[in-house]
Structures are given as structure tokens and as C-alpha cells.
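Subject: Structure handover and findings

Hello,

Please find the structure below.

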Amino acid sequence: MRSTVRIDDDLMVELRTRAEAESVSLTRMLNRTLRVGLSAPRKQTKRRPFKQKTFHMGVPRVGVVKALALAAELEDEEITRKLSLRK
């Protein structure tokens, strides 16, 4: 099968050098290198589960039940303030 791929210049030089040293074609060297790379076992790393650090911020000063309504009200006030400065 034919395919077009872009290979970094330094990798191509290394492939050609190895192919010449072993007296094989570039295609054969590339196929061999890909087979070895793809058959190598994947390195399994044990990752620690992510844990978010939390901080106590004290008792809320506003009712958090209506936080979205408060945010909308503050946004409306800011828009009104910006519009009044343009006049």
C-alpha cells in the first residue's frame, strides 16, 4: 500500500543512515522501524486520582439560593453604568 507521510528531516537522515548501514531499502527500514515501534508495549503509568483543593470561605453574605438572579442583577447594573458613561 502506498501512502504519503511527512517525516521530520532529522528522522529521515537517521532512517537513511541506518538503511545504508544495513544495506536495505529505505522502505524496508521504515516498515521495520514502524513494526518495532508499534509492537513495543505501551508504558503504563499509574496516575494518582485528581483531587481538587477546597478552601472554606466563611458564611455567605448573600443568599446563594438566588445566586443567578443576583449575578444577572449585577450585570444589568454594570451595563446601565457603561451606557450612562457614553452619553
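Predicted model: local features only at pLDDT ≥ 70, side-chain atom pairs only at ≥ 80, totals over all residues.

Residues are numbered from 1 along each chain as its sequence is written, and side-chain values use heavy atoms, with hydrogens and water left out.

Salt bridges

A salt bridge is a side-chain nitrogen of Lys or Arg within 4 Å of a carboxyl oxygen of Asp or Glu. The count by this rule is three.

- R18 and E14 are joined at 2.8 Å, N to O. They sit four residues apart in helix α1, so about one helical turn separates them. Helices are DSSP runs of H or I, at least four residues, numbered from the N terminus; α1 spans residues 9-21.
- E22 pairs with R32, with the closest N and O atoms 2.4 Å apart. This pair links distant parts of the chain, 10 residues apart: E22 is in the loop between α1 and α2, and R32 is in helix α2.
- R81 and E78 meet at 2.7 Å, N to O. Three residues apart in helix α3, they too are separated by about one helical turn.

R18 is partly exposed at 47% relative accessibility, as is E22 at 42% (buried is under 20% relative accessible area, exposed over 50%, partly exposed in between; 1.4 Å probe, protein chains only).

Loop residue

S23 also lies in the loop between α1 and α2. Its phi is positive, about 55°, although S23 is not a glycine. At 68% relative accessibility, S23 is exposed.

Largest pocket

The largest pocket holds about 540 Å³ of space. Of its 16 lining residues, V5, I7, L30, N31 and L34 are the closest to the centre. A pocket here is an open set of points on a 1 Å grid over the protein atoms alone, where a 1.4 Å probe fits, with protein on both sides within 12 Å along at least five of seven lines; lining residues have an atom within 4 Å of a point. Helix α2 gives the most to the lining, with six residues.

Surface patch

V62, L70 and L74 form a nonpolar surface patch with about 240 Å² of accessible area together (residues over 30% relative accessible area and without a salt bridge, nonpolar side chains joined within 5 Å; Shrake-Rupley areas, 1.4 Å probe). L74 belongs to helix α3, residues 67-86.

Regards

Notes:
Patch = residues over 30% accessible without salt bridge, like charges linked within 9 Å, V, L, I, M, F, W, Y side chains within 5 Å. Helix = DSSP H or I, 4+ residues; strand = E, 2+ residues; numbered from the N terminus. Points joined across faces, edges and corners; volume = space filled by probe spheres on them.
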